[in-house]
Structures are given as structure tokens and as C-alpha cells.
Amino acid sequence: MKIKGTVTSGKGNGRNYLLEEEYLQQCKRKLGFIPYPGTLNIKIDERDMKKFSKLKQGHAIILHGFKKNSKVFGSVKCFRAMLMGKDVVIVVPEKSFYTDIMEIISDKNLRNELSLKDGDCVEVNIKNA
């Protein structure tokens, strides 16, 4: 399955969550890497919103939620994908701020690694979907 979209800046919240030790350890164990502290946000092309909805219902790698200092951190669905020849993971938080944004993680800063900037059009190829 391929989903097209446009690189866009986020709110910076992904960084905070990716620095939580419980998520870091699960990423290392289940995804095979420690993620760069931040997500690459892709505003999904309107024509591909149905594909994204279908993806979210599919088989995912689950990062389990947890409670820390009375704050609840929700579970996260993860889907392996490719972006410009680079292995990446789409993350879909149980408690998401977005409906039309796809968040992507990697072990590298994807903006720098792939020379991406806001407004760039990209295509994400989801594996096994």
C-alpha cells in the first residue's frame, strides 16, 4: 500500500513521548532500534485518507501504554514502511492529536537524512499492507 502526502511541521509533542524510557525500550525490543527523538509528519493526501484508515485497522506492532506519575501514556500502533529507500515506522498513537497526519519514526533525523522540508511531496510504501 502506498500513501502520498506532504511534509509538514508538527507541534513538537512526538519528541516528548519518544524520550519516555518505557517507549524507548519497547522500540528497541520490538522495532529493533532506538528512535530519533521526534517524528516526521506527513499531511496525508485527501485521496489517500481511506487507505490510511484501512491501515490503522490492520495488523500492527503494538507499543503498550503505561502509567507514570499518575499520567497515562496510551498504546501506539506501529507499521513498517519505506520512505525514499529508507526503512521507517509509521506510528499511530492511541491518543492522537491528528486525523490527517501520518507520524513517522526512524533511528535518524529523517528531515536531515533525506533532505526534506515543509511542502515536499513524498510517498510512503507500507510493508505487508
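Contact here means heavy atoms within 4.5 Å. The model is a predicted one, in which local features need pLDDT of at least 70 and side-chain atom pairs count only at pLDDT 80 or more, while totals for chains, interfaces and linings use all residues. Residues are numbered from 1 along each chain as its sequence is written, and side-chain values use heavy atoms, with hydrogens and water left out.

**First selection: Asp 48**

Select Asp 48, located in the loop that runs between strand 2 (40-44) and helix 3 (49-57). Helices (H or I, at least four residues) and strands (E, at least two) are DSSP runs, numbered from the N terminus. Then display Lys 2, Ile 3 and Lys 4: Asp 48 touches these residues, when those up to four places away in sequence are not counted. Asp 48 counts as buried because its relative accessibility is 9% (buried: under 20% relative accessible area, with a 1.4 Å probe and protein chains only).

**Next selection: the aromatic rings**

Rings of Phe, Tyr and Trp (its six-membered ring) pair if their centres lie within 6.5 Å; planes under 30 degrees apart count as stacked, over 60 as edge-to-face and the rest as tilted. The count by this rule is three aromatic pairs. Select Tyr 23 and Phe 73, an edge-to-face pair with 6.3 Å centre to centre and 80 degrees between the planes. Tyr 23 belongs to helix 2 (residues 21-31) and Phe 73 to strand 5 (residues 71-73), so this pair ties together parts 50 residues apart in sequence.

Finally, show Tyr 23, Phe 66 and Phe 73 together, as ring pairs link them into a cluster.

Methods. Buried < 20%, exposed > 50% of the residue type's maximum accessible area, 1.4 Å probe, protein only.
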